[in-house]
Amino acid sequence: MSGSIVPEDLKYAPSHEWVRIDGDVITVGITDHAQHELGDIVFVELPEVGQKVEQGKGLAVIEAVKTVADVYAPADGEVVEVNAALADSAGSINADAYASWIAKIKISGPLSAELVDAAGYKALL
Amino acid sequence: MLHDDTGRTLFEKSRPGQRGTGEIEWDVPRVGLDTLVPAKFRRKKAPRLPELSEGEVVRHFVNLSTKNHHIDKGFYPLGSCTMKYNPKVNESLARLAGFTTLHPLQPAETIQGALELMWRLERMLGEISGMDSVSLQPAAGAHGELTALLVVRAYHLSRGEDRRKVLIPDSAHGTNPASAAIAGFECVTVKSAPDGRTDVEDLKSKLGPDVAAFMITNPNTVGIFETRVEEICAACHAVGTQVYMDGANLNALVGITRPGDLGFDVMHFNLHKTFTTPHGGGGPGCGPIGVKSHLSAFLPSPRVENHEGKFTLAKPATSIGPVHGAFGNFLIMVRAYAYILAMGPEGLANVGHTAVLNANYLYAKIKEGMSCKFDGPYMHEFVLDGSPLKALGLHTSDFAKRLMDFGVYAPTIYFPLIVPEAMMIEPTETESRETLDRFAEIFLEVLRECKESPETVHSAPHNLPLKRVDDVKAAKDLILTHPFE
């Protein structure tokens, strides 16, 4: 698929999350391709700070006009920060999916083996 | 248009002194309100009711009704889910005074006819579905799902088994996981295979002694028959898992096969989808459940029993108890009963065949333009893959809005989730060949427009009272009030 932005410095899940790795803290959002597929996003159900998450299980829920989609955690860990600004401006994910991160997780295990680099993700689209 | 004044409310149109009827001559002495109702119960200020003549009120509502799409006006391409023909005679029968003047708390001896109707309807649904016992109490399909899962849970607990998981395919109706979650189960998703059917190997890998039930729709939501259903049932039964059939698509099977014969333990019926009771509007509805004999003792109470022609109400100790006030929505049952009697066994035997024929006839007419993701054969519905529209800068939602410009309703779109840009079409057994031909023409015309003048489609609707609605604003900032003053 042409036109979607895929920054080189991030990792990607086949379920269309992007992951920025900074030591044992990872930042998670959804990709430009994902926001494009979802259409106008109207609400993001954020996790709570301190919440334990499991790899492959739901981290957040994104509600768009025509559908609702889960955002999956790419590793086990604990949520240390959420992007509270999304509560009022969920549509900023449509405007810039990579600036509009969803949550930061302090990981307690390995990252999902399914994560790929930018080239690998482009090949999936 | 002089009389097209529907943008204003009745309150805005109100003028003091306007009345529907003239002054009535009283032939009994008039008694003031103050002698009938103590002052403390009377309102201080008169209610503000609109004041209009009868003609103005009639025109107001007739004009509004012409702006809506409705089944008496035009075709719905996803019939049984959205709106489909309901025989008008059902309405006359449901309005018989012998039914409408009953009170649910009357002694059973005084409502024998109503109880007999319910007893007979339960048996008719049982015969049609191959189930041993039926409860008519649940108020809708999703309520039936919840009730059935509570029955399944009670059954397992009676055997000392506290099974916590329910398996559900990724093509399922969203109500399946919702019902399972409300019933206290953990939902586990089963994948679809590349042919659109359940991935039976994935199912088998997830089955186990902790699985209470597997919920499956057959034919499934992409309109394909689950051909391995008997193998699925056997695999589930081998580990004690109950197999639940979501009966949303039962009209495809009526007269052809029966869920009970295929191995299902429990199912729900949507009376509005298969047995011509009214659709939509939030009810009242009826979503009966049918079960095999090992689950019968757990059905909701009260149960109608027939003791040699005398009908009584029983509350079995093992029942999960009532799930609705009194007996459920009785007048909906009257409509379904009337339909089944009117159709008779011969008529019902044609329902499934006609539903399947209509869907496949329509698909044959439009498949050159747009095709399905999964190969058929299709049953009573088919799901088109609208993703080729994206190359033209369009989406399924644009296509659906443009269809409405031609006087037909839009199909269900973006469901099921396993088909990108999905467009689900089910003409149902009640539409004529001429209607299907006309819809196919409209469909192909809109497809031509997508290629030749995509902007027309992108900015649709053009011929409807409302143009493009701002979906984002509607989802985030919906205002459903109107300033009164």
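1. In chain A, A:Glu81 has A:Lys104 of strand E9(A) standing opposite. The two strands involved, E8(A) and E9 (residues 103-107) of chain A, are antiparallel and share five bridges. Please keep in mind while looking at this pair that the model is predicted.

2. Strand E8 (residues 77-82) of chain A also pairs with strand E5 (residues 52-53) of chain A, again in the antiparallel sense, through two bridges. Here A:Lys52 has A:Glu78 in E8(A) as its bridge partner.

3. Where do the two chains meet? Six residues of chain A are in contact with six residues of chain B. On the chain A side, the residues that touch chain B divide into two nonpolar, two polar and two charged.

4. Now for chain B as a whole. Its 485 residues include 40% that are buried, and the chain has 19 helices and twelve strands. The C-alpha trace of chain B spans about 75 × 70 × 45 Å along its principal axes. If you are interested in contact order, take the chain B contacts between residues at least 6 apart in sequence: 72% of them join residues at least 24 apart.

5. Chain B contains an open sheet of seven strands with mixed pairing, and the order to trace on screen is E1-E7-E6-E5-E4-E2-E3.

6. B:His268 is a handy place to start, as it stands opposite B:Ile289 in E7(B).

7. Which helices pack on the sheet? One of them is helix H7 (residues 112-129) of chain B, which touches E1, E6 and E7 of chain B. The direction of H7 makes about 125° with that of E1(B). Helix H8 (residues 141-158) of chain B packs on the sheet too, touching strand E4 (211-217), strand E5 (242-247), E6 and E7 of chain B. For H8, the angle with the direction of E6(B) is about 160°.

Key. Residues numbered from 1 in each chain as written. Chains lettered and ligands numbered in written order. Predicted model: local features only at pLDDT ≥ 70, side-chain atom pairs only at ≥ 80, totals over all residues. Pairing = 2+ DSSP bridges. Helix = DSSP H or I, 4+ residues; strand = E, 2+ residues; numbered from the N terminus. Contact = placed C-beta atoms within 7 Å. Axes fitted to C-alpha atoms, helices over the stretch in contact; angles between N-to-C directions. Buried ≥ 20, exposed ≤ 12 C-beta atoms within 10 Å, placed from the backbone. Nonpolar A, V, L, I, M, F, W, Y, C, P; charged D, E, K, R; others polar.
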